[in-house]
Amino acid sequence: MKTESTLEKILASGNLAVTSECGPPRGAVPDKVKEKAEMLRGYVDAVNVTDNQTAMVRMSSFAACVIIKQMGMDPILQMVTRDRNRLAMQADILGAYAHGIDTMLCLSGDHPHFGDHPQAMNVHDIDSIQFVQMVHTMREKGTFQGGDDIINPPKMFIGAAANPFADPFELRVARLAKKAKAGADFVQTQCIYNLDKFETWMKGVVDRGLHEKVHVLAGVTPMKTAGMARYMKNKVPGMDVPDEIVDRMAGVPKEKQAEEGIKICVESIQRLKDVEGVSGFHIMAIEWEQKVPEIVKKAGLYPRPEIA
Amino acid sequence: MMNDQATMPSHNKILVVGGGIGGIRAAMDLAESGRNVVLIDKSVSIGGLITQLDRTFPTNDCDLCTLSPRLSEGGRQEHIDLLTMTEVKKVSGDVGNFTVTLSQTPRYIDLEKCTACGDCFKVFPECVSFNPGLDHRAPTCMRYPQAIPQAYAIDMHKCQDVKALENVCKAGAILPQQTSKEIELEVGAVILCPGADVFDPSGLDHFEYGKNPDVVTSLEYERILSASGPTQGELVRPSDGKKPEKIAWIQCVGSRGLQKGAASYCSSACCMFALKEAIVTKERFQDSIETTIFYMDMRTFGKEYEQYRERAENEFHVNLVRSRPHSIVGDEATGGLDITFAPDDGSPSITETFDMAVLSTGFKVSESVRKMAGTMGIELNAHDFAKTDEFSPVATSVPGIYVCGLFEGPKDIPETMVQASAAACLAAKATQPAVHIDEDTLVNLPERDVSSEEPRIGIFICDCGLNIGGVVDTQNLAEFGKTLPQVAVSQVVGHGCSRSSMDIIHKTIVDEKLNRVVIGGCSPRTHETKFQDLLQRAGLNKYLVEIANIRDQDTWVHADDPEAAKQKARHLIRMATSSVKNAHPLIEHSLPMHKEILVVGGGVSGMTTALSLADQGFKVFLAEKAPQLGGLAGRIKKTIEGRDVPVFMEALTQKTLQHPGIEVIFNAIIVDHTGMPGMFKTGLQIAPQMYYRQIEHGVTILATGALQNRPETFLLGENPAVMTQLDMDTLLEEDLDRIKAMRTVAMIQCVGSRCPENQNCSRICCQSAVKNALRLLDINPDMRIFVLYRDMRTYGFTEDYYLEARKRGVIFVRYEKDAPPQVRPEKDGIEVTFVDPILGQSLALSADCLCLSTGLVADDEASEDLAMIFRLQRTGEGFFLEDHVKLRPLDLSTPGFFVAGTAHSPKNIKECIADAQAAAGRAQTLLAKNSIELGAAVARVDSNKCAACLVCVRACPFDIPFINADGYSEIDPAKCHGCGVCAAECPAKAIQLMQFEDDQILAKLDGLLERMVA
Amino acid sequence: MITAERKPLEEIIDSVKPFQRILLVGCNECVTVCAAGGRKEVGILASALQMNFMKAGQTIDIKELTLERQCDPEYVEELSTHMDQVDAVLSMACGCGVQEIARRYKDKPVLPAVNTKFMGASERQGVWAERCQGCGDCLLGLTGGICPIARCSKRLLNGPCGGSTNGKCEISPEVDCVWQLIWDRLKALGMEDRYEDIMPAKNWQTGRGGGPRKIIREDLAE
Amino acid sequence: MKQFEPVIVAFCCHYCAYTAADMAGSKRLSYPANVNIVRVPCSGKVDAIHLMKAFEKGADGVYVAGCLEGDCHFKNGNTKVARRVAYVKKLLDEIGIGGERLEMFYMSAGMGERFARVATEMTKKIRKLGPNPTKAMSTGNQGEAVA
């Protein structure tokens, strides 16, 4: 084992891993964090804690992770290169690890353009791949990015994001390869609605044997309404929602659409289970965490394996 | 230069007889194409009939002003040898080498010495005569202010005390002993343009002309209106000097065989003449005067003339009464004139009282001209006009002697100009170009370097007769000019463009050492070059003049508010003055001339113009969009005179195809065009492969023709019995049996013409109808033929055929615009219902055939594309718009472009051929030059300011600027088109457009907006 | 070239309000080329200011002058003769010019009339786009001659983020995804494999990270 | 008090608008004397500075008249200047002179009537707008530029 990470253990055991996420509140309200985390207890192996998601200020991922850790659950510390330079990032990693946080996700982050502080300077001192590389160096070499030794280097189980749907598509597998090369242990993908396209990508991944180097957790997101489906299709960059899905959502009466969304989500998981190279699922139920248990159950991923 | 033949070798000399506008045009065309000309006129100065006109339609310009620049050009042309008071005695020999004997009656004045001071006249008014009628106080024998030559003439018989007269002249220019002399010359060709007399109505007692002073001819009325006329342009009744309130015009006096001694033909020009006089009268007095024209048919058949008539009726409220008054009787009591006439609606005669009556007298050949023709052995037609062939409109029966203008047949100014150029073209063929003489070196003072001088501005204000002087006080304006900074001289110069005024300006420039000149006059568009030339002659760079357009853009448009006009005139003068300060000398560039010609269109006009040019050794490209030559004329069988068109066309086509100098390009579409006169590049695509070809040429002649109009009315295209006149023309040759079978034929005129869709009169339909009617009767004498018309427009000699048709029983019935005939299909025929104006009730007739006179319309599609590609202006109907409706009828406003044939307006074959030869003649005037003079209005880059930013390179519509090896923008003055876009976009202000530099433009604004109380 | 854009007139007007006699100075280099501060813009601005004050019944005395280059002391020296007749200088040059004038004429207020934008190229007449951020350590050789630092919204050096859609950037369909461009170019050059080398974290010292920069050519410097 | 008489500057291209003005002359179509023509070879020659200076010097209204779209004797000078006119209109708004005092018109050489109509309309419009604000304060300048 490279790390103490529960997620690593689950994956190593060959079980399909399940992660979900919890967006920290836009205020100093620890109970909100607890409330959300509580819903997921027992249904997921680890909980992603987002870092100023969509460039909106929220409680820091680091602090929220600490709260969740204290609840005896396993948080995944998300961190974006947008808001910190390499000093700040390494400092937080040390701090987090000091609180027993051993799993993290390295991202570049949404552009401030989309957030509540469009005027903000975006740092991007390093990019996501260099970020992965940096965390990997800290773990394997025990040195800071600058080269100095670290006393008790943090051993992080390193995750990254992968978007199989963004352009240029032909670059997508290579991009994963790069992240693997940089030292990523697992990737969580963008929400998958276009399963065919995902399978094409996955095939490319398998052909290059990348799934041996890095665990791929397929991202899924249940849709609440046809409106949401349409929005994701048209407005969210790098999101690929086929018309069938939109039509299917629109095809059912309003009050039944949420249900339909869950159905689609579950069916996707069912199908993806059999896709070679998929080693788990990342269920992103944005502000809808209460539905995660239902999905996990219906998808036959419950109960979660007990790992000592 | 006068009377000096030494400089001229004879073989390339051409004699032009008659110094009217036609003669001047012919002489100038020849001179410009390098031929030497002897221009003779029997009167004391040239100008002819037109110099007696006040203004001409449609622009109602003052004709002296449009003409005079031409005249002094005529005087200036080094190739022209002008002999006045001279007539032809004898002509012998034949084409290429005629020997002519001229006799010149004494002027008793030494032209070289006479300064036209006028002293002789002041003391001895009786020995000078002035005589186009109505002349109470013989002002001077110079018939009009811009006379050429600029000298007096003496009538010695009238002179009592010759000695005293001699002494009066300080210049010692009076030569009492002068005697008439004979001059003999060798010439290659002769052009006759002696003009015509007008019918003398004094024989017609029922009009009281000559008895009652208030009955005048149209020409005399012109003189009354004319600023240079006896009444100084005041409109007064000759009898009592009162301003008339009701004026009547009576048409066809001496024409259309109406009165005793009247000619049988139509004089063609009188209808427009009367309309113009009525409009000008209305313009002067608006509603305080009533104008009425009594006419039989309103013959406004020329280009856009119909619209002019519309304006007369609707805008100016000229009453048009269709009737022939049978008498004018003076009313002692009222002092008025009682005119009695029968309205054409059949109602009984009416008598109405007018203050003045104007007789629209027609043209007739004068006795002297008839004699002259006799001595030359020229065949005359039944009306004593020179006989010409329909297929060779300006050639007389004697090879080498050509005719143009009124002597060829009654016509108006544009047609005269066309024939003049045509005659010039043919005459030029018979002669060789003279050695080119560079005019500038001959007449110009050496250019003075004014760069170091402070501006000394001279302001010269034209009164342009009443055009300017009648609205603003020019004297006062000149005084105002004096108050402006750096103005050395400011004065009024009468008709600034007149010879005398030009000389005054010339002298003032020299004497006062002026180095900048402002002319307050008419538009720079028409007169700038004239004054630029004047500066050059006076030793100043031609770009040191600025023209303030106080006529076209002030007095003409603000006549209703003299105070405003006055202020604006001051603005314009101030603007020009402050701007001219910043003007500086510019040099012009020149390029070699391409002598090839591109003719677009292979119809009768295109082929004729191509041949006329090719015969003189020019290379012609003839682009035809169809796969064969011929055009519309190729579908016509017979002319009205019965000539066989197909035979003629076949010969023409063969000649064109076989001529080594002509390259015919079939299936060709024009796709692009660049360049300037003398070096055009035109791109063609040639079907079927549509391959691209570019042609380099010096001039372009558009002979793209027109289309036969086929409006979907009167069952045309639906019913086999309905056809156009053109169809009938074919039928007459190809299906005699069908013709023989017809018992009744109806014809409807003005179908698709003179209507909202097409305001134009198609000109040729009336004669085609008459032509076909007569041919029908030839085949089937007892056929009943009805012609339903609005106005029969059988102008000129075609009137004879109209007469003949009536004699032979063709029934002509008039219909009103708003009550057109109705047609209904019948079994084997058409029922035509129409209102008989006399009976006032509608009649129906069953016709075996209905023949529609549909006339011609512009080929809108084609002409629109061409107008776009060549950047030409078009009329509302889609015909190409000429540069000057009267004086340059075939020149398009884009230099280097000419139009011929029906692309200009509807015409018959004869007129098309004249056009074609004329266009060729006009083209030669350009092609004769060996280099293209480029204006100096080109963009210039200041390399010190240039940031080499490429803005000009990208902005130039013609891709001329480039960044040169030294790293700044360079603009080749020879290629620059002078639009100034680069100058306007340059962010470093490193580019200036010469002649329109920023400081000049800003100075104009200063001049205008300077906050000073005037 | 350095690009700039005239400031909103209102802002310029406010900045010159306190002064009576203004020396309006243009520059014949970059700002002329990008139509922000050449002779012509100087003329237009002068006229606009003039009118604005006339409107209020005031007059302002504006002297127009355009220097060959405002970022060279010798050229800036040319202003010296005018300085005693003006209360303030309004510069239409880029920031460099403004500062050069401020450096030379210690006791005169210098006001910027343009906003200096970026180092760019003109895409076509009237359109300029950012191309370089002067990082001081050019990596264009590795990215097919297209700069991800200047042209990627996130300055990503190792490939497109998940937001790249149809060759456009996630922040706006008006903006090209530079990594799409780079990738197309690498393919065109047959250098696809280059892409998989990880570009190490950038050393920003050579750029702004290293503080204000200077170039000294020993052989030329005096 | 006599009605305000604006001074209007019309930059006219030689080939179309200026010819149209002459045409209006030969047809004797009267229009307000307030319009003063400055002749340019092509409307595309008219510089933003010329437009600004015209107002600075006290013009109450300014317009540029070029050939009909597509008919420019120099291909596209008229559309080029139209863009400049739009740009300067914005500037004039910014400094409170009012962009509506500046206009762009198109006409062919034959359109004497249109020239007269445009001149009349523009004058009417500027009369309504009143004097150029730069003259408002400096006393008594109103009719004067016309006087």
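What follows is a chat about a predicted model of a complex.

Colleague: Before we dig in, what scores does the predictor give the complex?
Modeller: This is a predicted model. The predictor gives the complex an ipTM of 0.87 and a pTM of 0.67.

Colleague: Let's take chain D. How many helices and strands does chain D have?
Modeller: Five helices and four strands. From the N terminus, the elements of chain D run β-α-β-α-β-α-β-α-α.

Colleague: And what share of chain D counts as buried?
Modeller: Of its 147 residues, 66% count as buried. Take the contacts in chain D between residues at least 6 apart in sequence: 79% of them join residues at least 24 apart.

Colleague: What is the mean pLDDT of chain D?
Modeller: The mean is 88, and 90% of the residues of chain D reach 70 or more.

Colleague: Where does pLDDT stay under 50 in chain D?
Modeller: Over residues 139–147 of chain D. For that stretch the model has 21 contacts beyond four places in sequence.

Colleague: How many residues of chain D are in contact with chain B?
Modeller: 44 residues of chain D, against 46 residues of chain B.

Colleague: Which elements of chain D supply at least two residues each to that side?
Modeller: Helix H1 (17–26), strand S2 (35–40), helix H2 (48–56) and helix H3 (77–94) of chain D. The largest share comes from H1(D), with six residues. By type, the side of chain D that touches chain B divides into 20 nonpolar, 15 polar and nine charged residues.

Colleague: Chain C touches chain B too. How many residues does that contact take?
Modeller: 10 residues from chain C and eight residues from chain B. Helix H2 (30–33) and H3 of chain C each supply at least two residues of the chain C side. H3(C) gives the most, with three residues. The chain C side splits into two nonpolar, four polar and four charged residues.

Colleague: Staying in chain C, what is the strand order in the open sheet?
Modeller: Four strands, in the order S3-S2-S4-S5 of chain C, with parallel pairing. Strand S3 (61–67) and strand S5 (110–112) of chain C are the edges, and each pairs on one side only. Neighbouring strands of this sheet are turned by 25° against each other on average, direction ignored.

Colleague: What holds strands of a sheet together in general?
Modeller: Strands pair through backbone hydrogen bonds, either parallel or antiparallel.

Colleague: How many bridges pair S4(C) with S5(C)?
Modeller: Three, in the parallel sense, with S4(C) covering residues 88–91. Ser91(C) stands opposite Pro112(C) in S5(C).

Colleague: And which strands does helix H3 of chain C lie across?
Modeller: H3(C), residues 39–55, lies across strand S2 (21–27) and S3 of chain C. H3(C) runs at about 170° to S3(C).

Colleague: Over to chain A. Why is strand S8 of chain A largely enclosed?
Modeller: Five of the six residues of S8(A), residues 278–283, are buried, so the rest of the structure largely encloses this strand.

Colleague: How many bridges join S1(A) to S8(A)?
Modeller: Four, and the two strands run parallel; S1(A) spans residues 17–22. Ala17(A) stands opposite Gly280(A) in S8(A). S7(A), residues 215–220, is also parallel to S8(A), joined by five bridges. There, Val220(A) has Ile283(A) as its bridge partner.

Colleague: What about phi of Cys252(B)?
Modeller: Phi of Cys252(B) is near 55°, a positive value. Cys252(B) is in strand S12 (residues 246–253) of chain B.

Colleague: Is Cys252(B) buried or exposed?
Modeller: Cys252(B) counts as buried, because it has 25 C-beta neighbours inside 10 Å.

Methods:
Residues are numbered from 1 along each chain as its sequence is written. Chains are lettered from A and ligands numbered from 1 in the order in which they are written. This is a predicted model: local features need pLDDT of at least 70, side-chain atom pairs count only at pLDDT 80 or more; totals for chains, interfaces and linings use all residues. Two strands pair if DSSP finds at least two bridges between them. Axes are lines fitted to C-alpha atoms, for helices over the stretch in contact, and angles run from 0 to 180 degrees between N-to-C directions. Two residues are in contact if their C-beta atoms, placed from the backbone, lie within 7 Å. Ala, Val, Leu, Ile, Met, Phe, Trp, Tyr, Cys and Pro count as nonpolar, Asp, Glu, Lys and Arg as charged, and the others, Gly among them, as polar. A residue is buried if 20 or more other C-beta atoms lie within 10 Å of its own, exposed if 12 or fewer, and partly exposed in between; C-beta atoms are placed from the backbone. pLDDT is the predictor's confidence in each residue, from 0 to 100.
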